[in-house]
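Hi,

Here is the structure I said I'd pass on.

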Amino acid sequence: MDTAATPTHCPYCALQCGMNLTPLPQGGVEVTERPDFPVNRGALCGKGRTAAEVLSPAVRLTSPLVRSGGRLVSASWEEALDRVAGALGSVRERHGADALGVFGGGGLTNEKAYALGKFARVVLGTSQIDYNGRFCMSSAAAAGTRAFGLDRGLPFPLEDVPRTGCVILVGSNLAETMPPSLRFFSELRENGGTLIVVDPRRTRTAEQADLHLAPRPGTDLALALGLLHLVVAEGRTDEEFIRERTAGWAEARAAAMGHWPEYVERITGVSVPHLREAVRLFCEPESAMVLTARGPEQQSKGTDTVGAWINLCLATGRAGRPLSGYGCLTGQGNGQGGREHGQKADQLPGYRKLDDPAARRHVAEVWGVDPDSLPGPGRSAYELLDALGGDVRALLVMGSNPVVSAPHAAHVEERLRSLDFLVVCDVVRSETAELADVVLPVTQWAEETGTTTSLEGRVLLRRRAVSAPPGVRGDLEVLHALSARLGVEKGFPTDPEEVFEELRRASAGGPADYSGISYRRLAEENGLFWPCPAATDTPGAPGVPGASTAPADAEPSAHLAPAHPGTPRLFLDRFATGDGRARFVAVAHRAGAEEPDAEYPLVLTTGRVVAQYQSGAQTRRVPELNAAAPGPFVELHPRLAARLGAAEGDPVAVVSRRGRAVAPARITSGIRPDTVFMPFHWPGEGRANTVTNPALDPVSRMPEFKSCAVRVEVLGPGSESGSPPGRSAAGR
């Protein structure tokens with residue numbers, strides 16, 4: 001056995017923390033620090049430290065499963081693959097290609113996300129593909145593209161955060177969701193900068209802030225507009241920057257001026273003095289940043305909400321300059337790369353648009369197909385799940401657990417059950433896998449090589465450190481085998497580096513240009529920031545910083561310019577629009593899709609806890625993490641708890657128009673009295689997403705996870721979710 005340490009990256013969040021993996025002689029894998037990676041400098045959270053425990057055959061799938069007699073039973077790979085190919089082919093023949101759906105994941109490597117999108121469009125011929133990243137960063141991506149012409153989570157590396165003057169952190173509890181990143185914000189304050197946290201809860205992150213603004217969930221748009229109103233009223237706009245580098249200011253200014261401070265205070269609950277203090281802290285330093293996360297983004301108006309925060313940056317000249325700008329704290333491990341290379345409903349590799357004829361021609365040439373054979377844009381993630389059992393009759397799920405993670409989850413579970421055929425590729429026997437007709441056990445992070453792209457836009461090489469257990473295959477092997485069975489013999493290699501080389505060619509000249517990146521360079525340079533075009537003497541294409549038309553397989557030579565160094569910082573000279581100017585977008589406050597009323601008088605917001613991750617499919621199998629966070633809970637303010645007659649630990653039901661979730665009460669003064677909070681990592685009666693609202697943002701198609709109207713019922717001792725309601729907040 002080779003017991004040398006392998007440098008690689010964590011499988012969980014978008015920080016992609018560096019770590020070393022060492023196989024142990026007695027079995028198992030040791031995770032150790034990797035100080036050379038600049039993002040975490042060796043620091044790991046509990047999830048990272050225990051990540052290798054999910055590699056154990058005892059907690060994962062090691063054999064294909066097929067449904068027989070109503071039960072999932074072990075089967076050979078040949079039987080399972082034959083059954084999948086036969087079912088997909090049969091559904092396509094009877095109902096057409098768009099009766100086949102594909103649902104991907106933000107944890108898939110770039111290679112797998114790219115191959116999955118190609119498989120859907122070339123082999124299946126379906127337009128019905130999307131992924132769970134739609135539930136994470138899509139509103140920020142839409143707003144960033146609309147304003148800047150380009151979406152990359154952070155347009156600067158995290159190392160810039162401690163050197164700016166002020167950061168407004170909107171709807172992020174990074175102290176729990178990505179703990180190693182907190183040091184950048186601690187260093188910011190040590191250097192004399194200020195941190196403003198916007199969150200309806202006083203989280204661990206908010207406790208670190210110089211100023212905590214606690215708006216009612218769903219009112220972040222009004223808050224941003226109120227701050228911009230004050231910026232204008234107090235004469236704090238950067239008129240030269242607005243004149244030279246932006247467009248659309250007059251309309252955006254007029255919209256913001258309708259949101260005077262007292263009006264915004266009534267909407268948000270944030271006092272006028274706190275609004276004024278936030279503007280002062282943000283505008284007085286020479287540089288500042290706004291960083292958003294799921295709080296403002298997971299709303300039915302998330303794109304406009306993020307756009308309003310971007311307007312604040314543009315109006316004050318806090319964008320396109322050193323140590324300033326707007327950024328999105330991408331959540332999933334490859335949430336950034338996952339939305340760049342073709343598993344979104346409307347995209348082709350390189351962040352190209354599926355309805356752009358030039359993009360279709362370019363990618364079709366790389367794939368060796370007729371551009372006209374490529375289907376058009378399909379349904380977004382929730383709309384795809386909602387169509388299951390109707391227009392969409394069969395579904396391939398890869399790296400996602402929508403039974404727990406989707407909004408209106410009981411309805412989604414019902415739709416999954418109604419399918420003619422469901423196949424799930426996963427590491428563990430997730431709640432979604434339990435509903436499948438076929439389950440395929442696949443390799444995970446430490447057992448395969450591939451690339452991911454972090455929240456900084458830094459492309460990284462994850463290296464294979466150990467062998468997978470017998471009976472487990474890689475996702476690329478699965479796609480290769482299914483393609484062959486469905487009549488496409490070539491074009492789906494199983495070697496990840498070969499797939500990446502094709503991805504380079506497909507992305508060349510696109511907004512997310514990886515053509516100058518290779519496995520060799522990633523290993524030698526500890527990652528590269530895109531865009532990173534292939535070396536060429538040809539000037540970059542207009543509107544795309546660093547874009548190139550050179551062949552993707554070009555390597556530096558005596559006849560070419562030196563290798564492109566990558567682009568750690570975007571927009572310093574121009575924005576990625578046709579004229580190089582950023583776009584203001586005029587937006588105005590509007591109510592959420594579902595406001596409180598007499599029957600449902602409270603607002604539910606959801607989120608994560610430090611010891612669990614996403615749907616919990618992996619972390620709930622780690623004893624140390626389960627001991628720290630054994631189950632769901634409902635946070636209640638003491639005044640609300642007193643009105644309800646609820647004590648710490650009492651079972652309570654959170655009830656919406658869609659269903660109810662039951663969990664113990666957790667009484668805390670760190671939440672607004674009109675708001676309740678639940679983490680969303682668990683299935684069963686404590687499944688928070690049973691309650692959440694699938695109302696969609698009209699641009700990003702993001703569901704409104706972060707705000708829905710509920711009531712809270714206190715259940716008697718021994719009560720279960722189906723019992724008659726007890727005392728209710730609706731009755732006060």
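Predicted model: local features only at pLDDT ≥ 70, side-chain atom pairs only at ≥ 80, totals over all residues.

A bit of housekeeping before that. Residues are numbered from 1 along each chain as its sequence is written, and side-chain values use heavy atoms, with hydrogens and water left out.

**Whole protein**

The protein has 23 helices and 31 strands (DSSP runs numbered from the N terminus: helices are H or I with at least four residues, strands are E with at least two). Its radius of gyration is 25 Å, close to the 27 Å from the globule rule for 732 residues, so it is as compact as a globular protein of that length (taken over C-alpha atoms; the rule is 2.2 Å times the number of residues to the power 0.38). The C-alpha trace spans about 70 × 65 × 55 Å along the principal axes.

Buried residues account for 65% of the 732 (buried is under 20% relative accessible area, with a 1.4 Å probe and protein chains only). Of the contacts between residues at least 6 apart in sequence, 74% join residues at least 24 apart (contact means heavy atoms within 4.5 Å).

**The sheet**

The part I'd look at is an open, mixed sheet of 7 strands, in the order E5-E4-E18-E17-E16-E6-E7 (two strands pair if DSSP finds at least two bridges between them). Its edges are E5 (71-74) and E7 (129-131), each pairing on one side only. From one strand to the next the twist averages 20°.

At the E5 end, E4 (residues 65-68) runs antiparallel to E5, with 4 bridges joining them. Leu 65 has Ser 74 in E5 as its bridge partner.

Phe 103 stands opposite Val 397 in E16 and opposite Asp 130 in E7. The chain gets from E6 to E7 through helix H3 (residues 110-124), in a right-handed β-α-β crossover (clockwise from the first strand over the helix to the second, with the strands pointing away from the viewer).

**Helices around it**

H2 (residues 77-95) lies across E4, E6 (100-104), E16 (394-398), E17 (421-426) and E18 (438-441), at about 130° to E18 (axes are lines fitted to C-alpha atoms, for helices over the stretch in contact, and angles run from 0 to 180 degrees between N-to-C directions).

H18 (residues 409-417) has several buried residues, including His 411, Glu 413 and Arg 415. The buried residues of H18 pack against H16 (381-386), E16, H17 (402-405) and E17.

In H19 (residues 475-485), the buried residues include Asp 475, Leu 479 and Ser 483. Their cover includes H2, H3, E16, E17, E18 and H20 (496-507). Just after H19, Gly 487 takes a positive phi of about 100°.

Cheers

Methods. Buried < 20%, exposed > 50% of the residue type's maximum accessible area, 1.4 Å probe, protein only.
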